Amino acid sequence: MRRTNLYIDFHIVQTVPPSCINRDDTGTPKTCTYGGTTRARVSSQAWKHAMREAFRQEFDAEKIGSRTKHVQELLAGKIREISSLSEEDAMKKATEVLKDAGLSVSEKTNTLDTLLFISEDQLKALAKCACEAGDKKGKESKEAYKHALKENPSVDMVLFGRMIASDPSLNYDAAAQVAHAISTHALQQEYDYFTAVDDCSPEDNAGAGHIGTTEFCSETLYRYASVNVAELESHLGADSAEAVTGFAKALILSMPTGKQSTFANRTIPDLVYVTVRRDQPVNLCGAYEKAVPASKNGYVEESEKRLFSYAKKVYEDFVDQPEAEYLIGGEESGRNGVTLKELLSALEETVKSYTRELSD
């Protein structure tokens, strides 16, 4: 049976006060040039990291993976749970297993050369294979290790993907796409000159203990992400609905933590527009190719108008109308206004219906 497509697109307009939530190697807030003007930018990597942290509140621990070079330590711990091996012998066994599985282990650090995304179930399966293999070596054991690394992925692994350059057969294509967030308007970078007082300095010393500057900006962001439900379902099956709702909640409510204690910039979106599509994902960033001009009404109101005006044109001229659309916040009439709780419930039922459709 041919698998039918199902995409869930998330379009978010969110205003952020003075902040530096994602900076480059010089400490400057990240930027990009779009439509001929410099825009504020928050990388998809920064927001996905924030989402993965939020996943720990949304999913059971065993459904969340770890991205680490220290896989030997994790694997050795699992081996010791089901065997009588000492800590040293378990570490040796874990290193052998990972090498036999085709992963590159550094002799200097005794860690993997690169980060590996691995799930709890994969660690348990590897440990079981290691203990069952005993001192045996050979092709059969190596294939068993690779099978353990391939099966039973975590939710975040399926959503965000896994790449293992040394063995592409262990890769997972990401079921979710997350775009870099960009400001809907031109950026105005600013500087905060600050001093720090030495609490123990003599009373007659009027000088500062430290002087510095911090770059920051404030912006109204357009954020976009999409979930390929067919790809998700092919790996997670009945757990796909939970994965989509967890992804949606984390995407909407998370915030990268750069300079958080300095700026306390944790905001929630001004508008969330979600569409359910069968043809293809559609990023609506073209609404802001011409930067929204400054006005006494700010940027949010005009950014919302631009979004729906551009969506109308795209839907009429290029792609199908969404099967369903939901709106949280904003002033747009004629769309299905919902709360976050109602949105999550609707998405859960959409994915469950799709899963039933595939099984029929």
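## Aromatic contacts

Phe-160 counts as buried, at 10% relative accessibility (buried: under 20% relative accessible area; exposed: over 50%; partly exposed in between; 1.4 Å probe, protein chains only). The model is predicted, so local features need pLDDT of at least 70 and side-chain atom pairs count only at pLDDT 80 or more, while totals for chains, interfaces and linings use all residues. Residues are numbered from 1 along each chain as its sequence is written, and side-chain values use heavy atoms, with hydrogens and water left out.

The whole structure holds 7 aromatic pairs (Phe, Tyr or six-membered Trp rings with centres within 6.5 Å; stacked under 30 degrees between planes, edge-to-face over 60, the rest tilted). One of them is the stacked pair of Phe-55 and Phe-160, with 5.9 Å between the centres and 10 degrees between the planes. This pair links distant parts of the chain, 105 residues apart: Phe-55 is in helix α1 (residues 44-58) and Phe-160 in helix α6 (residues 155-160). Helices (H or I, at least four residues) and strands (E, at least two) are DSSP runs numbered from the N terminus. Phe-55 is buried, at 0% relative accessible area.

Tyr-273 and Phe-308 pair edge-to-face, 5.0 Å centre to centre and at 65 degrees. Tyr-273 belongs to strand β10 (residues 271-277) and Phe-308 to helix α10 (residues 300-317), so the pair ties together parts 35 residues apart in sequence. Tyr-273 is buried at 0% relative accessible area, and Phe-308 is buried at 5%.

Ring pairs also join Phe-10, Phe-55, Phe-59, Phe-160 and Phe-247 into a cluster.

Two arginines sit over rings (Lys NZ or Arg CZ within 6 Å of the ring centre and within 35 degrees of the ring normal).

| Charge | Ring | Distance to ring centre |
|---|---|---|
| Arg-67 | Phe-117 | 4.4 Å |
| Arg-223 | Trp-47 | 3.8 Å |
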